Amino acid sequence: MSHSRKSSFLAFILILLIMLLNPISTAKADSPSTTVYKQQIIHSPDGIGKYYMGREIAKVMGYPGAGWLERPNREVEEQPSKIVSLLNLKPNDVVADIGAGTGYLSFRIAPLLIDGKVLAVDVQPEMLEIIELFKKEKHITNVESVLATLSNPNLPSESIDLALMVDAYHELEYPQEVMQGIVKALKPGGRVVLVEYRGENPFIMIKRLHKMTQKQVRKEMQAVGLVWHETKNSLPQQHLMVFENPDSSDYSIK
C-alpha cells in the first residue's frame with residue numbers, strides 16, 4: 001500500500017472511530033431536550049434512568065395493569081368521587097383527562113358535562129380500546145379518545161378548559177414537551193389540575209418515584225409558565241394542585 005493510500009485509510013479509520021465513540025453527542029445536537037433531561041445508567045428499578053429537574057421519571061404502568069385502575073376499593077383508598085367534586089366543573093367545559101388509562105375518571109366526569117365533553121388522552125392504544133368498550137357499555141357519548149405521543153398530547157390550540165392528570169404526570173417520559181402542548185391547548189382562563197401521592201409523607205405506602213412533593217410539582221409547572229393557585233389536601237393520600245395561566249381570572253376550586 002502506497003504512503004498516500006495508507007494515510008487516507010488511517011484517516012478514514014480515525015473518523016470512523018470518532019463517530020462510533022460519539023454517536024449520542026452527534027445525535028443530541030439537534031434535540032431541544034439535550035439540556036433539559038439527564039440520563040443515568042445506575043438508577044432506581046422503578047424508574048427509566050431519565051431525570052428532569054432533579055427527579056427521576058417513573059416507569060409507566062402498562063395496559064396489563066388496567067385492572068388495578070378499576071379495583072373495587074379505589075373509592076375508599078383515593079376517593080375519586082371527591083376529586084371530581086373538587087374540580088368545580090361547568091356544564092359546557094371541555095376536560096382533557098391526560099393519561100386517562102381505562103377512563104376511570106373520564107366516565108365519572110362526563111355526566112356532569114351536559115354541553116361539554118371529556119377528551120380521554122393516552123399513549124397506549126390498548127387503553128383507548130378499553131375506553132371505547134366502556135363507552136358502549138355505559139352508553140356515554142361525550143367521551144372522546146385521543147391517542148397521544150410520548151411528547152405531544154395531540155390537543156388543538158385553545159381547545160380545553162381543564163387538563164386533569166391523576167397519578168399520571170410523574171410517568172411522562174417527556175414532561176416538559178407534554179406540558180407545553182397542554183398549555184397551548186388551554187383556553188384563556190384554563191386550568192391544570194394535578195393529583196399526585198404526597199411525596200412529603202414517607203408513611204404513604206406508594207413507591208417513591210410514584211409520589212411527588214408539592215415543591216417539585218410547582219417547580220416543574222413554573223418551568224412551562226403555569227402559576228400555582230392552590231393545593232387541596234382533603235384527599236386521603238394525595239395532593240390536588242391547581243395551576244393557571246398568569247393572566248387567568250379567579251377559578252378557585254371550592
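Buried residues are those under 20% relative accessible area, exposed ones over 50%, and partly exposed ones in between (1.4 Å probe, protein chains only). This is a predicted model, in which local features need pLDDT of at least 70, side-chain atom pairs count only at pLDDT 80 or more, and totals for chains, interfaces and linings use all residues. Residues are numbered from 1 along each chain as its sequence is written, and side-chain values use heavy atoms, with hydrogens and water left out.

View 1. Helices (H or I, at least four residues) and strands (E, at least two) are DSSP runs, numbered from the N terminus. Helix α8 spans residues 175-185 and is largely enclosed by the rest of the structure, because eight of its eleven residues are buried. Among them are Pro175, Val178, Met179 and Ile182.

**View 2. The largest nonpolar core.** A nonpolar core is a set of buried Ala, Val, Leu, Ile, Met, Phe, Trp, Tyr and Cys residues joined through side-chain atoms within 4.5 Å. Of the 32 residues in the largest such core, Ile160, Met165, Tyr169, Met179 and Val192 touch the most other members. Helix α8 gives the most to this core, with four residues.

**View 3. Tyrosine 169.** Contact means heavy atoms within 4.5 Å. Leaving aside neighbours within four places in sequence, Tyr169 is in contact with residues including Tyr52, Arg55, Pro175, Met179 and Glu220.

**View 4. Confidence along the chain.** The mean pLDDT (the predictor's confidence in each residue, from 0 to 100) is 86, and 83% of residues reach 70 or more. Over residues 2-32 the pLDDT is below 50, and this stretch has two contacts beyond near neighbours in sequence.
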